[in-house]
Amino acid sequence: MAQDRDWMLQAIALAKNGLYSTRPNPLVGCVIVKDGKKIAEGWHRQAGGPHAEVLALAQAGEMARGATVYVTLEPCSHFGKTPPCANALIAAGVKRVVAAMQDPNPLVSGQGLALLRQAGIEVEVGVGQHEAALLNQGFIRRMQQQRPFVRLKLASSVDGRTAMASGESIWISGELSRQQVHLMRARHGAIVTGIGTVLADNPSLNARLPAHLMAEHGLNVALCHPIRVVLDPFLSMPLEAKMLALPGRTIVMTSLQSVEHSRDSAEALMAAGAEIVAVQTQDDKLDLASVLDYLAQEEQVNDVMVEAGAIVAGSFVEAGLVDELHWFLAPHLMGHQGKPLLHLAGLLTMQDRIALTTLSFTPLGEDFHFVFQPVFKATQEES
């Protein structure tokens, strides 16, 4: 019914309120309707806190009996940090539940819907499914493939330069672009960079926004700092790196050989605030798939943002591990001697090129924010 979709879109809009606070949980919104009128709503605010359905049911009270519940994700059926939402809906006596999509979490995966049906509640699934899935691309990817969703952030001049030949790069893009980058950081579970960027720029890689923007987006400083991940195969991370003294976690990923041969360096880094993780290597380089596997499986990271130099950024692209490419384009020229945007050594002929599907294009002051989806040959062959 058309009304079902309208109510579900309201639930999806509510779910977006948790964009910066729910990780590693999914974004979920809920609307309760009775006699054609909305009587309650809720959205999941923070991992460990009440789920969207529970908040909406508390608001509805006794009026929930006989009502229709619109929820963006299948109600959970297991005891985690909170009791099952499916049981709460049954106890409230709701008549009908419309879920946008089935939960990809194997602990749920249809069981919540089955509980509702067994209790005699009418259940419909699939209304607004596309929009609901876009909300939780990272959660779905981690549940189904044990990998996070990867967004590569790039910023350059029109001629594709990220810095002058001298290394000077502040600032390429304008204030609105920089604010958007910080908002992107705040929604990701981890930011990945390379040791080359740390040595050259000494970045903070945290979410820094003016107080009014923090308030506008409902950002909690304690919740919005992503894990900072430095790819450092030879354990070259300086003890005085700025990010080690900042709130939040910094993981230095290195090779097992480096940990074994440089125990003093590893211990000094840990004393300075870093966490050391050894991952698989290939040709003296860290295996990027292993990096992502670790973040998904050990850290429950749904979404990864890559902010790195041309070599690391290019390596993620060449490995076919980039799901979205976010390019902030500034309207100026920096000359052929400046540092390039991406290092893609494996692209030698026109046949090798990687196609990009344009997902969006947004002006930000004088800059432009493009979002592309790389179309890798392996993906084309599978489809």
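Which residue in β18 is the bridge partner of L356? I looked it up, and P374 is the partner.

I am working on a predicted model, where local features need pLDDT of at least 70, side-chain atom pairs count only at pLDDT 80 or more, and totals for chains, interfaces and linings use all residues. I number residues from 1 along each chain as its sequence is written, and side-chain values use heavy atoms, with hydrogens and water left out.

**The sheet.** I traced an open sheet of 9 strands with mixed pairing, in the order β11-β10-β9-β8-β14-β6-β15-β18-β17. Strands (E, at least two residues) and helices (H or I, at least four) are DSSP runs, numbered from the N terminus, and two strands pair if DSSP finds at least two bridges between them. β11 (274–279) and β17 (355–364) each have a single partner strand, so one side of each lacks a neighbour in the sheet. I then checked β17 against β18 (367–375): they pair in the antiparallel sense over 9 bridges.

**Helix α7.** Next I followed α7 (residues 175–187), which packs on the sheet and touches β6, β8 (190–194), β14, β15, β17 and β18; contact means heavy atoms within 4.5 Å. I listed its buried residues as S177, R178, Q179, V181, H182, L183, M184, R185 and A186, where buried means under 20% relative accessible area (1.4 Å probe, protein chains only).

**T197.** My last stop was T197, found in helix α8 (residues 195–201). T197 counts as buried at 15% relative accessibility. Leaving aside neighbours within four places in sequence, I found T197 in contact with N202, P203, A308 and G309.

Methods
Axes are lines fitted to C-alpha atoms, for helices over the stretch in contact, and angles run from 0 to 180 degrees between N-to-C directions. Buried means under 20% relative accessible area, exposed over 50%, partly exposed in between (1.4 Å probe, protein chains only).
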